[in-house]
Amino acid sequence: MDPSDLLSEAAKIFESLEIDYFVTGSMATISYGEPRFTNDVDIVARIEKKHVDQLFKAFPPPEYYCSKEAVLEAIESKRMFNIIHPSSGLKLDIMIPSDVPFDQSRFERCRQIMIGDHSTVAFASPEDVILKKLTYYQQGGSEKHLRDIRGVLKLQKGKIDFEYLKSWATELDVLHEYEQVLES
C-alpha cells in the first residue's frame with residue numbers, strides 16, 4: 001500500500017459514512033505543487049460521535065490501528081487522532097475541524113481531484129493549503145513548508161486567488177510570512 005492507496009481507501013470510507021472531509025498537508029501540496037515523499041495523509045474530517053462505531057468497523061484491526069479513546073477525545077477537543085496501517089507504516093492524521101470561519105471556508109472551497117487509482121477525492125483548495133502551510137511555518141519555522149508553498153505557487157501560476165490569500169493571511173496573522181514567500 002502506498003499513500004495514495006491509503007488516501008483512496010479513507011476517502012471511500014468517509015464518503016460511505018457521509019462524513020465531510022478534505023485532504024490537506026503534504027498530499028495536497030504534492031497534488032498542487034512539486035512531488036516529494038510523505039508517509040502520512042492529513043485529512044480534516046467532520047467526524048461526530050455517531051460515526052465512531054462505523055468508523056472502527058471500516059478500519060478494523062489488525063489491518064489498522066486506531067484508539068477509540070483518542071478518537072472520542074479528538075471529537076470533544078476538536079483536535080487530531082491517527083489511524084495507522086501497520087504493515088505499510090503509513091498513517092492517516094485525522095483533524096477534527098473547529099467552528100472558526102477559516103475552517104468553514106476551507107470546506108466550502110474544496111476541490112475534487114482524481115488520484116492514482118482513478119478515485120475522486122476532496123482536497124483543500126491550493127490557497128487554503130498555502131495558508132495552513134504559512135501557519136505551520138510560523139509555528140515551527142520548517143523550511144519544508146516554504147518549499148511546499150513555492151512549489152504550489154509555481155505550478156498553480158495563474159490559478160491562485162491572491163486576494164483571498166492576502167485577506168486570510170491578514171486574518172490568520174501570517175501576512176508577514178506570506179509577504180516573505182512572495183518576495184523570495
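Phe 102, Tyr 164 and Trp 168 form one aromatic cluster, and that is a friendly place to start a tour of this structure. The model is a predicted one, in which local features need pLDDT of at least 70, side-chain atom pairs count only at pLDDT 80 or more, and totals for chains, interfaces and linings use all residues. Residues are numbered from 1 along each chain as its sequence is written, and side-chain values use heavy atoms, with hydrogens and water left out. Helices (H or I, at least four residues) and strands (E, at least two) are DSSP runs, numbered from the N terminus.

**Aromatic rings**

- A pair of aromatic rings is described by the distance of the centres and the angle of the planes.
- Here, rings of Phe, Tyr and Trp (its six-membered ring) pair if their centres lie within 6.5 Å; planes under 30 degrees apart count as stacked, over 60 as edge-to-face and the rest as tilted.
- How many aromatic pairs does the structure hold? There are five.
- One of them joins Phe 59 and Tyr 64 edge-to-face, with 5.0 Å from centre to centre and 90 degrees between the planes.
- Phe 59 is buried at a relative accessible area of 2%, and Tyr 64 is buried at 4%. (Buried means under 20% relative accessible area, exposed over 50%, and partly exposed in between, with a 1.4 Å probe and protein chains only.)
- Phe 102 and Trp 168 make a tilted pair, 5.1 Å centre to centre and with 55 degrees between the planes.
- This pair links distant parts of the chain, 66 residues apart: Phe 102 belongs to helix α5 (residues 101-108) and Trp 168 to helix α8 (residues 162-171).
- Phe 102 counts as buried at 5% relative accessibility, and Trp 168 counts as buried at 16%.

**Charges over rings**

- A charge sits over a ring if NZ of Lys or CZ of Arg is within 6 Å of the ring centre and within 35 degrees of the ring normal.
- Arg 46 lies over the face of Phe 107, 3.7 Å from the ring centre.
- Lys 68 lies over the face of Phe 56, at 5.9 Å from the ring centre.

**Helix α4 and what follows it**

- Which residues of helix α4 (residues 68-77) are buried? They are Val 71, Ala 74 and Ile 75.
- These residues sit on the same side of α4 because they cover an arc of only 100 degrees around the axis, the arc being that of the directions from the helix axis to the C-beta atoms.
- Glu 69 and Glu 76 are exposed, on the face of α4 turned away from its buried side.
- The buried residues of α4 pack against α3 (52-58) and β3 (80-85), where contact means heavy atoms within 4.5 Å.
- Lys 78, in the loop between α4 and β3, has a positive phi of about 60 degrees although it is not a glycine.
- At 41% relative accessibility, Lys 78 is partly exposed.

**Helix α7 and its surroundings**

- Helix α7 (residues 143-155) has 13 residues and reaches 19 Å from its first C-alpha to its last, close to the 18 Å expected at 1.5 Å a residue. The expected span is 1.5 Å times one less than the number of residues.
- His 145, Leu 146, Asp 148, Ile 149, Gly 151, Val 152 and Leu 153 are buried in α7.
- The cover over these buried residues includes α2, α6 (126-140), α8 and α9 (175-183).

- Thr 29 lies in helix α2 (residues 25-32) and is buried, with a relative accessible area of 3%.
- A polar atom of the Thr 29 side chain lies 3.0 Å from the backbone oxygen of Ser 26.
- Not counting residues up to four places away in sequence, Thr 29 touches Glu 34, Val 129, Lys 133, Asp 148 and Val 152.
- His 85 is in strand β3 and is buried at a relative accessible area of 5%.
- The side chains of His 85 and Ser 88 make a polar contact at 2.7 Å. (A polar contact is a pair of N or O atoms within 3.5 Å; within protein, one must be able to donate a hydrogen and the other to accept it, and residues adjacent in sequence count only if both atoms are side-chain atoms.)

**Backbone details in loops**

- Pro 61 and Pro 62 are joined by a cis peptide bond, with omega about 0 degrees.
- Pro 62 lies in the loop between α3 and α4.
- Asp 173, in the loop between α8 and α9, has a positive phi of about 60 degrees although it is not a glycine.
- Asp 173 counts as exposed at 58% relative accessibility.
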